Amino acid sequence: MPKQKIILKGIPASPGIAKGKAKIILDPSENHKMREGDILVTEMTNPLFVPAIQKAKAIITNVGGLTSHAAIISRELGIPCVVATRKATKILKDGDRVKIDGTKGEIFLIK
Amino acid sequence: MFEIKNLEREINKLFYTTGILIYETDMQHGDGRNYWPFHPVLLDSLVAPFVFEELYRLFRTLERRRYSLEKIAGIIKSPTKIANYQYLWPSSTLKLVSSEKKKYLAEIFVKLLKILRNKEAYCEKFRNPVRNDKEVKKYIRENKKYLIEKNKKPEMAKILAKLEGLVMSYCEILYYYMLDLSRLFHGPYQYQDKVIFAKEFLDLKAGKMWDLVKDFPFDHFQEVGIYPKEMQIQVFFMGHSHTKPSFPEAIESFVLKLDGKPITNLREMKQYYRNTSKAVNKLVKYVSANMKNEEFLLKRGLDLFFYPLKSLYEEVGEDWRKILPKVYEFAEKNKSKIRIPNPWGDWDVYKAARFLFKVIYRNNYRRPIGKKEIEFIKEIEKNSRKIYEQSPFPSESYSIISALSYL
């Protein structure tokens with residue numbers, strides 16, 4: 001069993017659990033970096049992130065609340081989302097394997 | 001003739017609901033850094049007097065032609081659209097519109113909302129009842145043959161969620177987050193031992209607004225979903241919804257119609273998804289490439305307030321674009337004068353309270369903020385809390401006092 005360590009907490013914005021590789025996208029111009037099944041990690045999404053969101057298994061943001069863009073779109077898509085983690089883009093690195101619990105608002109690093 | 005008892009009280013309810021909703025939206029967006037591409041106050045202030053003057057003129061013209069309010073409501077179709085125009089009330093530029101016209105508009109907004117929402121104008125029961133029970137029953141009866149069950153066709157249910165997410169993102173780009181000018185979520189409706197909830201998007205082929213989207217694969221998206229009776233859905237005044245669990249998780253079966261055509265097979269649905277994805281990605285690329293072109297973004301932002309009124313313009317025999325040159329000119333002259341409020345950032349408690357009072361009292365609050373006002377805010381906060389305590393959803397930041405003490 002791989003070890004799991006809780007590394008971030010935020011507001012649970014869309015329920016469910018997902019595992020995958022973190023992909024830090026700070027600007028929509030980096031949308032192309034996203035691969036199918038990655039976990040999108042960003043400051044806050046806006047509508048121009050849609051090509052990245054289409055491929056995302058889950059979303060983690062630094063800021064936002066229950067009615068912010070990432071929260072609304074992830075609930076519509078039925079993918080887990082945690083917002084307002086404050087520092088996800090600083091703590092996580094591209095390629096980190098993470099587990100996101102969108103029901104509890106917790107993010108784990110899988111080693 | 002449609003009449004309402006105690007109209008003054010109803011108008012107060014309209015402003016009260018609008019004030020709370022604006023507050024909630026602002027709270028959720030933090031200090032405004034996350035608005036895209038402009039802070040709504042900028043656009044609202046630049047268009048507000050024109051939108052209200054135009055609405056006044058259009059409604060009056062139709063009245064003179066002896067249109068009943070029910071008929072006007074039928075032309076507008078979406079109560080959510082009307083609700084979203086209420087965001088304009090706190091704009092300081094509305095002082096350019098006479099009190100008489102504003103009073104008339106407040107009255108007509110209330111009446112239209114009452115008609116279009118089957119008397120629940122402010123979504124006071126957390127639902128948006130655009131249809132009545134009879135209509136819902138009839139719809140289900142007539143469309144049973146098009147029902148797709150998630151258990152039997154899970155792939156189709158999955159693509160439905162993705163397709164709807166895409167259409168939503170598309171509308172967010174077209175309407176700069178004010179997607180409820182197109183999106184119409186309505187229900188929940190009780191049907192036998194199930195919950196029915198409908199998701200519609202209107203006027204998607206908005207080619208006359210942006211030539212770029214004239215080939216969008218469909219103009220009207222309509223999904224009618226059937227959920228178990230335990231499904232909890234709340235719809236708020238401006239059209240936002242909260243659910244528990246999520247729609248894709250809970251949906252049992254659905255009817256999907258694109259431009260009125262039922263979609264019943266996977267191959268066709270996938271094709272629509274691919275075409276929609278292509279159209280959305282084309283739009284994303286175009287807008288991304290123009291993100292530094294302020295003139296382009298501003299003009300599109302101003303247009304989007306008038307395009308949703310095109311059915312009213314058409315009814316009186318006019319083009320919705322006729323007003324735009326005047327709007328652009330006003331915007332160019334005044335855009336640098338618009339002050340973006342940031343009540344939750346660097347304002348002190350009294351200044352923030354004053355902003356809130358202005359929102360609630362239609363910009364006409366002149367008294368200094370004192371004990372009485374703070375008490376009043378506490379009362380709103382209590383009511384706001386009450387609403388969310390009744391709600392099955394977490395209430396993390398819905399508190400004016402916590403917002404003020406956070407400063």
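Two strands are taken to pair if DSSP finds at least two bridges between them, and in this predicted model strand E5 (residues 58–61) of chain A and strand E6 (residues 81–83) of chain A pair in the parallel sense over 2 bridges. Within this pair, A:Ile59 stands opposite A:Cys81 of E6(A).

Strands E5 and E6 belong to an open sheet of 8 strands in chain A, whose order is E1-E8-E7-E3-E4-E5-E6-E2 and whose pairing is mixed. The edges of the sheet are formed by strand E1 (4–9) and strand E2 (11–14) of chain A, each of which pairs on one side only. On average, and with direction ignored, neighbouring strands of this sheet are turned by 30° against each other.

Both senses of pairing are represented around strand E3 (residues 17–24) of chain A, which runs antiparallel to strand E7 (residues 97–101) of chain A and is joined to E7(A) by 5 bridges, and which pairs with strand E4 (residues 39–42) of chain A in the parallel sense over 3 bridges. On the side of E7(A), A:Gly20 stands opposite A:Val98, whereas on the side of E4(A) the bridge partner of A:Lys23 is A:Leu40.

The loop between E3 and E4 of chain A contains A:Lys33, whose side chain meets that of A:Asp94 in a salt bridge with an N to O distance of 3.8 Å. This pair links distant parts of the chain, since A:Asp94 is placed in the loop between helix H3 (88–91) and E7 of chain A, and the two residues are 61 residues apart. Over all chains, the structure holds 24 salt bridges.

Helix H2 (residues 69–77) of chain A lies across E2, E5 and E6 of chain A, and runs at about 170° to E6(A).

Of the area that chain A buries against chain B, 28% is supplied by A:Leu48, A:Gln54 and A:Glu76, which is more than any other three residues supply.

Across the interface of the two chains, 4 residue pairs are found in polar contact, with both residues of each pair at pLDDT 80 or more.

In chain B, several features of the backbone may be noted. A cis peptide bond, with omega of about -5°, joins B:Gly187 and B:Pro188, and B:Pro188 has its place in strand E2 (residues 183–191) of chain B. The peptide bond from B:Lys244 to B:Pro245 is likewise cis, with omega near -5°, but here B:Pro245 lies in the loop between strand E6 (241–244) and helix H8 (247–250) of chain B. A positive phi of about 70° is found at B:Lys77, although B:Lys77 is not a glycine, and this residue is placed in the loop between helix H3 (69–76) and helix H4 (79–85) of chain B.

Note on methods:
Residues are numbered from 1 along each chain as its sequence is written. Chains are lettered from A and ligands numbered from 1 in the order in which they are written. Side-chain values use heavy atoms; hydrogens and water are left out. Helices (H or I, at least four residues) and strands (E, at least two) are DSSP runs, numbered from the N terminus. Axes are lines fitted to C-alpha atoms, for helices over the stretch in contact, and angles run from 0 to 180 degrees between N-to-C directions. Contact means heavy atoms within 4.5 Å. Buried area is the accessible area (1.4 Å probe) that two parts lose on being put together, summed over both. A polar contact is a pair of N or O atoms within 3.5 Å; within protein, one must be able to donate a hydrogen and the other to accept it, and residues adjacent in sequence count only if both atoms are side-chain atoms. A salt bridge is a side-chain nitrogen of Lys or Arg within 4 Å of a carboxyl oxygen of Asp or Glu.
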